[in-house]
Amino acid sequence: MSDEKAEFARELFRRWHGQELSDADAAGLVAFFAPIDALAARAATDLGFDDEPAGYDVVVARLTAKDRP
């Protein structure tokens with residue numbers, strides 16, 4: 001588990017519940033979200049989205065073209 005992901009889990013829990021997470025609970029949340037993270041990464045790869053504005057424009061154009069008759 002990366003420290004960055006554990007801190008994200010802690011911050012998420014702080015904001016939603018106003019409580020602090022133990023290291024074990026943060027690790028558990030990171031493990032819980034791992035399949036969702038993998039799915040999102042796979043979906044972004046399948047779309048060809050590269051996190052850059054130009055890539056976004058290409059994906060939007062590609063998706064828009066698919067919707068046209």
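Q: How do I read the 26% relative accessibility of R14: what does R14 count as?

A: Buried means under 20% relative accessible area, exposed means over 50%, and partly exposed is in between (1.4 Å probe, protein chains only). At 26%, R14 counts as partly exposed. Keep in mind that this is a predicted model, where local features need pLDDT of at least 70 and side-chain atom pairs count only at pLDDT 80 or more, while totals for chains, interfaces and linings use all residues. Residues are numbered from 1 along each chain as its sequence is written, and side-chain values use heavy atoms, with hydrogens and water left out.

Q: Okay, and which residue forms a salt bridge with R14, with closest N and O atoms 2.6 Å apart?

A: Side chains of opposite charge can pair when their charged atoms come close. We call it a salt bridge when a side-chain nitrogen of Lys or Arg is within 4 Å of a carboxyl oxygen of Asp or Glu. Here R14 pairs with E11 at that 2.6 Å. E11 is partly exposed too, at 28%.

Q: How far apart are R14 and E11 along helix α1?

A: Helices are DSSP runs (H or I, at least four residues), numbered from the N terminus. R14 and E11 sit three residues apart in α1, so about one helical turn separates them.

Q: What else does the side chain of R14 meet in a salt bridge?

A: E20, at 3.0 Å from N to O. E20 counts as exposed, at 56%. Salt bridges with shared partners join E7, E11, R14, R15 and E20 into one network.

Q: How many salt bridges does the structure hold?

A: Six. One of them pairs K5 with D37 at 3.0 Å, N to O. K5 is in α1 and D37 in α2, so this pair ties together parts 32 residues apart in sequence. K5 is partly exposed at 41%, and D37 is partly exposed at 42%.

Definitions and conventions. Helices (H or I, at least four residues) and strands (E, at least two) are DSSP runs, numbered from the N terminus.
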